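Please examine the sequence and the three-dimensional structure shown here.

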Amino acid sequence: MSGEVAARGAEAGFPRSRGRPSEGAREALVGAARELFTEHDFHAVGTAQVLARAGVSRGAMYHHFPSKTDLFRAAWETSERDLLARFTERSTGGGSPFESLVSGCRAYLVECATSRELQRIGLRQSRAVLGWEQWSEAVAALGLGVMKAGVGAAVESGELRTNDVDATARILLSALIEAGLLIATARDPRARLREIEPEAMRFVLGLGVAAVDSAGGGDG
């Protein structure tokens, strides 16, 4: 990731000791931060490590990120956007809107068990580093829009019944994040996935119209 960027910069005449100009520095810093925060906890990563891996100057870093926390937030948000892009790409493969919503939720849980970056940056560190207010604000700006779109599409197709799309999306997203945290913090995330997934998917599938009607939900 950023190591390759730094190497290309050195070949292009940007010595690591002097850093690179502002252009391209932000991407290099975010890439280096993603790598380092995946490998180590936030407090174990120093700015000197980030600078060395990114191949940029300290001045360039502070031009883009006034603090290490700001850099962490950028790394986390970039990681989350990449994750959402992968889910969006997978969900275009067919199936009804509710089926796409269900498969997206299942795919997220699998990522929680298999992606070290998601485990360490997205689930273990993000809330602790940013604090509840910043974290919840960023989650609303990132995943909530995608979840609302999925829930809304399922409602329009008649497969999901709710009186409040926003509330349903928030509850579903929160449930998935908590399930993902249980998986990511387990000693054996893959084994924990096998335990958590059936319970989480029972909750998701229970939102479907067929499940609601069979339980006597009617038109609510």
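The report goes from the overall fold to helix packing and then to individual residues.

## Basis of the report

This is a predicted model, in which local features need pLDDT of at least 70 and side-chain atom pairs count only at pLDDT 80 or more, while totals for chains, interfaces and linings use all residues. Residues are numbered from 1 along each chain as its sequence is written, and side-chain values use heavy atoms, with hydrogens and water left out.

## Overall fold

The protein chain has 10 helices and zero strands. Helices (H or I, at least four residues) and strands (E, at least two) are DSSP runs, numbered from the N terminus. Read from the N terminus on, the order of elements is α-α-α-α-α-α-α-α-α-α.

Of the 220 residues in the protein chain, 43% count as buried. Buried means under 20% relative accessible area, exposed means over 50%, and partly exposed lies in between (1.4 Å probe, protein chains only). Among contacts in the protein chain with a separation of 6 or more, 73% come from residues 24 or more positions apart; contact means heavy atoms within 4.5 Å.

## Helix H6 and its partners

Helix H6 (residues 97–114) packs with helix H8 (residues 165–184) at an angle of about 25 degrees, and their axes are 8 Å apart. This makes H6 roughly parallel to H8. Axes are lines fitted to C-alpha atoms, for helices over the stretch in contact, and angles run from 0 to 180 degrees between N-to-C directions. Angles under 35 degrees count as roughly parallel, over 145 as roughly antiparallel, 65 to 115 as roughly perpendicular and the rest as oblique. H6 passes H8 in a right-handed crossing (a crossing is right-handed if the near helix is turned clockwise from the far one by less than a right angle, and left-handed if anticlockwise). On the H6 side, the contact is made by Leu101, Cys105, Tyr108, Leu109, Cys112 and Ala113, and on the H8 side by Leu172, Leu176, Ile177, Ala179, Gly180, Ile183 and Ala184. These residues divide into 12 nonpolar, one polar and no charged. Ala, Val, Leu, Ile, Met, Phe, Trp, Tyr, Cys and Pro count as nonpolar, Asp, Glu, Lys and Arg as charged, and the others, Gly among them, as polar.

H6 also packs with helix H9 (residues 189–205), at an angle of about 160 degrees and with the axes 9 Å apart. H6 is therefore roughly antiparallel to H9, and the crossing is right-handed. Residues of H6 in this contact include Phe98, Val102 and Cys105, and those of H9 include Pro189, Arg190 and Leu193. By class, the contact of H6 with H9 has 12 nonpolar, one polar and three charged residues.

## Helices H2 and H3

The axes of H2 and H3 come within 8 Å and cross at roughly 125 degrees, which makes H2 oblique to H3. The crossing of these two helices is right-handed. Ala28, Leu29, Ala32, Glu35, Leu36 and Glu39 in H2 meet Gln49, Val50, Leu51, Arg53 and Ala54 in H3. The contact has seven nonpolar, one polar and three charged residues.

## An aromatic cluster

The structure holds four aromatic pairs. Rings of Phe, Tyr and Trp (its six-membered ring) pair if their centres lie within 6.5 Å; planes under 30 degrees apart count as stacked, over 60 as edge-to-face and the rest as tilted. The rings of Phe37 and Phe42 have their centres 5.7 Å apart and their planes at 25 degrees, so this pair is stacked. Phe37 is buried, with a relative accessible area of 0%, and Phe42 counts as buried at 9% relative accessibility.

Phe42 and Phe72 form an edge-to-face pair, with 5.7 Å from centre to centre and 90 degrees between the planes. Phe42 lies in the loop between helix H2 (25–39) and helix H3 (47–54), and Phe72 in helix H5 (residues 68–91), so the pair ties together parts that are 30 residues apart in sequence. Phe37, Phe42 and Phe72 form one aromatic cluster.

Ile177 is found in helix H8 and counts as buried at 11% relative accessibility. Leaving aside neighbours within four places in sequence, Ile177 is in contact with Tyr108, Leu123, Arg127, Trp135 and Val139. Ile177 and Leu123 are 54 residues apart in sequence and 7.7 Å apart in space, C-alpha to C-alpha.

Arg73 is placed in helix H5 and counts as buried at 18% relative accessibility. Apart from neighbours within four places in sequence, Arg73 is in contact with Leu130, Gln134, Glu137 and Ala138.
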